[in-house]
Amino acid sequence: MDMKKNYILLLLLCLCFAGCKEKTVVESDYLPIADPYVMLYDGKYYAYGTGGTVEGEGFACFSSDDLKSWTREGQALSATDSYGTWGFWAPEVYYIGSKKKFYLFYSTEEHICVATADVPQGPFRQEVKQPIWDEKSIDTSLFIDDDGTPYLYFVRFTDGNVIWVAEMNDDLTGIKQETLTECIKVGEPWELSQDKPAKVAEGPSILKKEGVYYLVYSANHFESKNYGVGYATSNSPMGPWKKYEGNPILQHADGLMGTGHGAPFCCKDGSWKYIFHAHWDSTKVQPRTSYIKDFAISDQGTVSIGGSLIRPQVLGSTSPEK
């Protein structure tokens, strides 16, 4: 009888530990954001992305000194300080020196918005709670050219998800609609999802090197294992754009699935890296988490994403078993 009781007790303990382990796998934090973006400011890295908040809708802010260990700084933007109540996606933050403010570009309720703050951690607020323009659109990315002209790249739903660009007003709160120009739409085989009935080109980022503009983007579908990253080049920020023949430059990296919608960023030593999200594992999309790899543009003008994989982890968390 005692042996039977001991067996039952042991079984209950095993079930308890199993439950705890499952909870750890789900809730422990690699950097728990999708559509990630990193900004280097005053010697520290700041990360923002879709999800990862503990205070409802909006965006969290994370900081790091080494890109490996991250600290949760708190809520960067709350829904109460913004237009919209749901669907807060794909934030990007820029420090605009001439205005001495940080600008957070993002989408909510499938409308693109901008909010400002005095420090990178926020809180960011919209002085006027309204979108940049009335049409539904997502995935904003700001680029300011050498002559000071600001351009906003974003996704319109004109034939699936299509990347467009427009010049911005000087106050960075609106676009010059007469300058709207189509940039990238789905057309290459790798961009077409085989398991999702959708045409998706999204997550734009712009860089300029030696007079050439590089538009890095994601395509396929974020729920597909084949989600990936490619790029196109142009001699003008408005295009026309020529897609790289070797696309995708990131897909199924290091055994990860659904790799994409990230952004390149400059490191403390002047090198560049690319942060992106991936599926939780080979069988489950959510929760998506973020990873970092090297990013470079060669002397021949070829963009590459490679090198060793960095798996950022939030301090105080237990690393999940994947």
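A: Contact here means heavy atoms within 4.5 Å. By that rule, and not counting residues up to four places away in sequence, Thr-302 touches Tyr-231, Tyr-244, Ala-296 and Ile-297. The model is predicted, so local features need pLDDT of at least 70 and side-chain atom pairs count only at pLDDT 80 or more, while totals for chains, interfaces and linings use all residues. Residues are numbered from 1 along each chain as its sequence is written, and side-chain values use heavy atoms, with hydrogens and water left out.

Thr-302 lies in the loop between strand 18 and strand 19; strands are DSSP runs of E, at least two residues, numbered from the N terminus. Thr-302 is partly exposed, at a relative accessible area of 29% (buried is under 20%, exposed over 50%, partly exposed in between, with a 1.4 Å probe and protein chains only). Between Thr-302 and Tyr-231 there are 9.6 Å in space, C-alpha to C-alpha, and 71 residues in sequence.

Strand 18 (residues 289-297) and strand 19 pair in the antiparallel sense over 5 bridges, where pairing requires that DSSP finds at least two bridges between two strands. Phe-295 stands opposite Ile-305 in strand 19. The open sheet has 4 strands in the order 16-17-18-19, with antiparallel pairing. Strand 16 (260-266) and strand 19 (303-310) are its edge strands, each pairing on one side only.

On a 1 Å grid over the protein atoms alone, a cavity is a set of points where a 1.4 Å probe fits but cannot get out; a pocket is an open set with protein on both sides within 12 Å along at least five of seven lines; lining residues have an atom within 4 Å of a point. Grid points are joined across faces, edges and corners, and a volume is the space filled by probe spheres set on the points.

The largest pocket has a volume of about 650 Å³. It is lined by 28 residues, and Tyr-37, Tyr-94, Leu-142, Ile-206 and Trp-272 are the closest to its centre. Elements giving two or more residues to this lining include strand 16 and strand 18. The lining divides into 22 nonpolar, 2 polar and 4 charged residues (Ala, Val, Leu, Ile, Met, Phe, Trp, Tyr, Cys and Pro count as nonpolar, Asp, Glu, Lys and Arg as charged, the others, Gly among them, as polar).

The structure holds 1 cavity of 30 Å³ or more, and the largest cavity contains about 50 Å³ of space. Its lining includes Tyr-37, His-261 and Gly-262.
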